[in-house]
Amino acid sequence: MFKKIALLVLLMVLLCAGIAFGQVYERSETIYTTGTMWGPPSSWNPITPWAVATGTRGLCYESLFLYDPLTDEYTPWLAESGEWVSSNVYELKVRKGIRWSDGAMFTADDVKFTFELGKNYEGVFYSTMWKWLTDVEKVNDYTLKFHFSEPLYQEWGNVMYTMMMVPKHIWKDRTEEEITAGANENPVGSGAYLYESYGADRMVWVRNDKWWATDLLGLKPAPKRLVDLINASNNVSLGMVLKGELDLSNNFLPGVADLVNWGYVTTFYPEAPYMLSANTAFLFMNLTKKPMDDPAFRRAVSFAINVNQIVNIAYANLVEATDSTGLLPTWSKYVDQDVVEKLGFSYDPEQAKAILADAGYKDADGDGFVEALDGSKIELSIIVPFGWTDWMESIKIVAKGCQAVGINLKTEYPDFGGYAAQLYGGTFDMAINNFGSQVSNTPWTFYDWLFRNPIQDQMNNGNFSRYDNKKVFDLVVELDKTPIDDLAGMQEVISQIQEIQLTDTPAIPLWYNGLWSQVSSAAWTNWPSAAEDTPNYLPCTWNNYWEMGAVLMLCELEPVK
Amino acid sequence: MTLLVENLKVYYQTLRGDVKALDGATFTVEDGEIMGLAGESGCGKSTLNNSLILLKPPMRFVGGRVELDNEELPVWDMKKMNNFRFKKISTIPQYAMDAMNPTRKIGKMTSELLGSRKIDFKNILPELKRRLDLVELSYDVLNMYPIELSGGMKQRMVMVLSTLLNPSLLIADEITSALDVSTQKAVAKMLVEFRDREFVKSLIVITHDISILYQIADSIMIMYAGKLAEKASTEVIINYPRHPYTKLLISSLPDIGVKYSQKKLKGIPGKPPLLLDPPTGCRFRERCPAAFEKCLNEPPFIEIEKDHFVACWKEFKKNA
Amino acid sequence: MKRYFTRKIFIYILTFFFAVTIDWLIPRFMPGNPVQNLLARASLRAEAANVMYGYFTRAFGLDVPIWQQYLNFWNALFHGDLGISVYLFPQPVIKIIMRAVPYDIFLLLPAILLSWIAGNKFGAFAARTKWLDNTVLPFGYILTATPYMWLGILLAWVFGLVLDIFPISGAYSYAMAPHFSWIFIWSALRHWFLPFASLFLVMFGGWAIGMRNMIIYELEADYSHYLEALGAPRKLVRKYAFRNAILPQITGLALQLGVIVAGALVTEIVFSYPGIGYLILAAIQNQDYFLIQGCFLFIIVGVLLANFAIDIIYVIVDPRTRIGMAGETA
Amino acid sequence: MVLFFLVLTIVGPMFTDFVPDDYVGPRAQPPSSEYWFGTTTFGQDVFTQFVYGLYPAFLIGMIGGGLATLIGMLIGFIAGYRGGMVDEFLNMVTNIVLVIPTFALLLIIAAYLTVRGFLVEAIFIGFTAWPWAARAIRAQTFSLRSRDFVDLARISGMSPLKIIFTEIAPNMMSYLVMVFILQFGGAILIAATLDFIGLGPTTGISLGLMMNNAVLWGALHLGMWWWFIPPGAAIAAIVGALYITNVGLDEVFNPKLREM
């Protein structure tokens, strides 16, 4: 019997040993992270950013600049400098002395090539950039000029740190399919880490000891290996953090507050809200349906929701309630307090009832719920994906709040697929979503998502309310066209947007989803935190976040002696 | 004297109490004698058979003794009995058709069985072969599985098997009931032949079918409701029965050679008493045309003529 | 015999056909649209999103009429091509599955076989052994009645957390890459043990019970009585009884496979063991048509093969089938 | 045992003055006189959820198990009684459904409905769980078919359906009951499994869902054993009890099994 097992083991090992013969990682040289991948690593292709394994963007491939939301500063990275030499020409100087991991030099050709991929193949996610970008001119090996038909400064500022440069000498021979849909295994990048191996439940990166930044900027990531685990379940991550087997967990972990207080893990802030804010959770209301098409009704809802209860119970104070605009704290300087003063809202059932009454919604048949203006019953449902437990708990509270003021709102938990279908297809009544409200270099990304246009049957990304208002759409574009250093100009546009937003309430900002980050000091210390004596970067492995400082975090870590 | 049974009592344990299926049987079977055992179903024939060869729960040994070749049989002891089974006392079961393990080749089964009895298959093979020829079975059956044989063949195979060790006593239980008339005859003849060739010293043939007994049995014993009613030579039983039940039984036969329908005896009104707690006195009382007050006490089973035993008060009077 | 097998094979082929069709059909009834889900993950500007929507719909072959998709599906199937995963874009489904399969074999084969063998042995032993029958079998019934995941959770809790002697997630230590060395094998074994145990226990209970009842039936069968009547020792009688009682158990094994798959599925989820079960759930939650199809198809094939193997074994051990008068087995 | 839970299901809710999903008390309390089974991380009363969760279990057992048994009977009877081609065909169908791992199928079907209730779940289970019942009943019918009383009925020109329901069915009532009991238990288990992996009902509370939540919210690591032990234990107890009841019946019906 035991022979049989042993035999199977052998067979097994042979099978799962696969190609590469690996080895055992030294704990003191390895950092274990999780929170990014929801499935086995499957792609290392920066041209399909939504599918890539953790670190492909940021650790392997790199952007021209880094951007740090906490300081609102750009750090030249692959680029040495960049500036608008005229209103529609941007000059970029490429840093000298950078090598791809295969030894080839990184030059302006690579940059030009990367940008032009979008010009040549519509399947490339930034292909539409070429609607306002006309030409990428190579001045010399280390200088480029970008010519624009209509410069969108904000968006460009975003591109500068979100677009990953790929090596021309490797990619130029690839077919369209390989580029737009290839897995790009064994990627050759310029970054701090090299692809080593992956398994069904992990991605393993090994330090690139010939990384350019080591000699040019004196930066050296402390961990020799970075093992990123897929999000098996809260359960597993939690257990591993507790045992100190996991150094950095970017999952939403229930009960973290307690764990922090018991000293098992540390978070960015030592007490509530514990986490930085990463994005804004909105309550979207389907404006194509009655009575959500009525601004008064929507405003009533905004007063009916007890966000603090969501924060306290569903999240145990792991998050913060938003202000009326929903702009992330890092963008607080763009909030027009006067507008908020005038049009802001907060939990106030009486106020909500009053608004409803004024608008003519009353409970004629005495079932405790108001009827629509035409007297028909109102029966609404609010959806979040099944299994998104924190959201599930949250909408229970939303529903209770609405019922309390006489709005008949019920909770439903379809599977993610059903949720997405209803949300994108516009068949939902109300729903929570936060996908596009991520922290970035500019509130423009935030408003671009919130007021995504044109309105179509399928709204796959943002403006799920289907709020159709030419004026605000134009304002968003205008914002986009505002130079990023023109703070006053931005504020001016934004306050107009906010005025409209708060008058019409197309969507209600509820709380800031945390930048979930639990760290264990079992193996590594000097983690970023609010404390003075520690580095101040976003401690986050999520895609798009490496280039927002997480790379630098790795360089600051110190092994436990 | 081969078999001596004295006041053998074997009851069935049930949730509702003991069923007195065999309530004191006393009789003998002589060397070379073929004794027929007849009676309605449920009269205790099969119980008798089982109690002699395989007495196990829910059957319970209550009393009496059994002697085979002047040696007491520990019928109440499953283990001890094993020394006698097959070697001294053997059976051809009612279910001969599927008495053999369906998933074993017959030969293999036989050898394993013998092996388990510490008998070398090799030595016995020639004899086995001879007997197979005798019952007109080819030698290859040993390499076959039971399902490959016809009913008759199985029947014969089992006969050979059961008698392979020349037991002193063989009990054949309803072996003919499943066969058609012609095969019946053949089988019956074989039994006689086995006796003549002394494969078995003596036989008890249990059956409903008195006509068969008429052909082969030396003596016939009639049972009724767990008790012996009458035992005598075949001649006597058929022509001069004494016990009222026997009389009715015989008369209810249309004529010798025809099998009568099994379950209900049209000839006899009423049905046998429940043996859970049988009435005191003669158990045939209720149905007996000649019943009288004396029948309230239990009639003994006495020899009224030489080798003719009856349990009926009337008969005793006559002889008295 | 021949007829028996041709008949079997025919049924298998038919089953396969139906299964595959259902397999192809059902995901297409599901709400949501895989390409949208795919793009939903990429926060793209409206125009870009539209462009790419068309692009990927074409790439996934979802732009042709349904019937053609069906034919393409079969066609691709015979080329061993199960399409490309949406959720694990752009990996080929077959590749993903192949990566998971070894874990299933590693987990299920021992669990099923050992529990079956042990269960039968034990059941046979318990039958007609009074004290066992009265003490252990009720326990067995509870075992079979236990939901796989619950037993899993309990084991995980007791051995993984309270006692902390076994890891409760993954297939091997996160600190190693698969390679051929004793520490790795040891690590793999330790990760394997709890899932194995929880599967083993639940199944064990079932088999033990089944066998116990079977044996009792067989011991009451005529041939057993005949053997006893001829004074065969208990040992031989039981040996025969066991031999015959095992047959229905073999059939039972075939019938149970479906249930076992289910059990394996949740067990893998409880212990986040990277097998097919783990995969299929993720696939479903991510609306990944092609992966769902692949996994389901794979399970079907697996179960069919297992059934077929069992049929053959059955024929070998049961002469009755071999002689050809066999009606139908599982 | 089963009765005990059944009673608990009915009167249970009276013992508790809470509603399953309400946040009634302090978070993560171990069992106490006030919260008999403690509370969840949100401060929901586990006991309340528990007693409310029992109801769906029985509902699904009843409907799912019942449906499965019915379909099984239908097919089993017809196949067993008619025999011949009909049998061949139905038999094939049964084998096919039998071989298809219905659970995997169930998963996909479950995922097809984005909003699910217990009833729907029960029905699905019923529709996937019938094959072995059909198989078993068919075998029984087969053996009964040739009995003389059936022949008699047939000769006397009774319609097949009538024969099935007046002659055959009554004669295997005991057997049908047992089949139903097994299906009942089976349905509960399947349902629990579905719920556990989050493909069960998307509304209401059930024992499976409780386990699902407990694990999702890290009850294991936070040592909240009172959250995940009761539901599973209840299921095991109920189903186990059912099985044992079944053995009881079995022994009554075929004495052979009875221990002596």
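**Close-up views of a predicted model**

**View 1. Pro454(A) lies in the loop between helix 15 (443–450) and helix 16 (470–481) of chain A.** Helices (H or I, at least four residues) and strands (E, at least two) are DSSP runs, numbered from the N terminus. A cis peptide bond links Asn453(A) to Pro454(A), with omega about 5 degrees. This is a predicted model, in which local features need pLDDT of at least 70, side-chain atom pairs count only at pLDDT 80 or more, and totals for chains, interfaces and linings use all residues. Residues are numbered from 1 along each chain as its sequence is written, while chains are lettered from A and ligands numbered from 1 in the order in which they are written.

**View 2. Lys290(A) and Pro291(A) are joined by a cis peptide bond.** Omega is about -5 degrees here. Pro291(A) sits in the loop between strand 12 (277–285) and helix 9 (295–304) of chain A.

**View 3. Thr505(A), not a glycine, has a positive phi of about 45 degrees.** The loop holding Thr505(A) runs between helix 17 (487–504) and strand 17 (507–514) of chain A. Thr505(A) counts as buried because 24 C-beta neighbours lie inside 10 Å. A residue is buried with 20 or more other C-beta atoms within 10 Å of its own, exposed with 12 or fewer, and partly exposed in between; C-beta atoms are placed from the backbone.

**View 4. Asp307(B), a residue other than glycine, has a positive phi near 60 degrees.** Asp307(B) belongs to the loop between strand 11 (302–305) and strand 12 (308–310) of chain B. With 12 other C-beta atoms within 10 Å, Asp307(B) is exposed.
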